[in-house]
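Here are some notes to read alongside the model, written for someone who has not looked at it before. Please keep the sequence and the structure in view while going through the points.

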Amino acid sequence: MADHGRAAKLGDSIKQIIAKRLERGLRDPRLGFVTITDVRMTGDLQHASVFFTVYGTEQEREDSAAALKAATGLLRTEVGRNIHARLTPTLEFIPDAIPENAAHVADLLARAREQDSSTRALAVGAEYAGEEDPYVKPREAGEE
């Protein structure tokens, strides 16, 4: 059975190790301003998916992804030296979609605000289509 707590702790350790190593720098000029956002481990602790974001243009993102892929062996060696596990997990670098998702959510919220304001403008001069209180009221003894 997989120990999810241990996988999470190991993922956090790997995240810190890789971030510190990237902070010290790699000898690859393609590497831009990279932030490691998350590390997810498989249940058997054999594989780590490392999510990252890059501040910059689309070309800088692609270059940084290529630089990280080229440095995978070096970073895996660094991880192996600093963790206390029987086997060093393989590393896979995956671009994180957080910035794109955040921009999409911001666009949706802006569109919703715009629709709310147009609905509010229509409601200003609106009147009820029928009676003001459309609910059936109980009959009183004298009515029929």
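**Notes on the predicted model**

1. Helix H1 passes H3 in a right-handed crossing. What is shown here is a predicted model, and the points below should be read with that in mind.

2. Helix H1 covers residues 4-24, and its axis lies 10 Å from that of H3, the two packing at an angle of about 125°.

3. Which residues bring the two helices together? On the side of H1 they are Ile-14, Ile-17, Ile-18, Arg-21 and Arg-24, and these meet Leu-74, Leu-75, Glu-78, Val-79 and Asn-82 in H3. Sorted by class, the contact of H1 with H3 is made up of 6 nonpolar, 1 polar and 3 charged residues.

4. Helix H3 spans residues 72-82, and Thr-72 is found in it. Is Thr-72 buried or exposed? Its relative accessibility is 18%, so Thr-72 counts as buried, the cut-off for buried being under 20%.

5. When neighbours within four places in sequence are left aside, Thr-72 is in contact with Leu-91 and Phe-93.

6. Leu-87 has its place in the loop between H3 and strand S3, the latter being residues 90-95. With a relative accessible area of 38%, Leu-87 is partly exposed, a value that falls between the limits of 20% and 50%. Although Leu-87 and Gln-46 are 41 residues apart along the chain, their C-alpha atoms are separated by 7.2 Å.

7. Another loop, the one between strand S1 (33-41) and strand S2 (47-55), holds Leu-45. Here a colleague may wish to check the backbone, as phi of Leu-45 is near 60°, a positive value in a residue other than glycine.

Technical notes: Residues are numbered from 1 along each chain as its sequence is written. This is a predicted model: local features need pLDDT of at least 70, side-chain atom pairs count only at pLDDT 80 or more; totals for chains, interfaces and linings use all residues. Side-chain values use heavy atoms; hydrogens and water are left out. Helices (H or I, at least four residues) and strands (E, at least two) are DSSP runs, numbered from the N terminus. Buried means under 20% relative accessible area, exposed over 50%, partly exposed in between (1.4 Å probe, protein chains only). Contact means heavy atoms within 4.5 Å. Axes are lines fitted to C-alpha atoms, for helices over the stretch in contact, and angles run from 0 to 180 degrees between N-to-C directions. A crossing is left-handed if the near helix is turned anticlockwise from the far one by less than a right angle, and right-handed if clockwise. Ala, Val, Leu, Ile, Met, Phe, Trp, Tyr, Cys and Pro count as nonpolar, Asp, Glu, Lys and Arg as charged, and the others, Gly among them, as polar.
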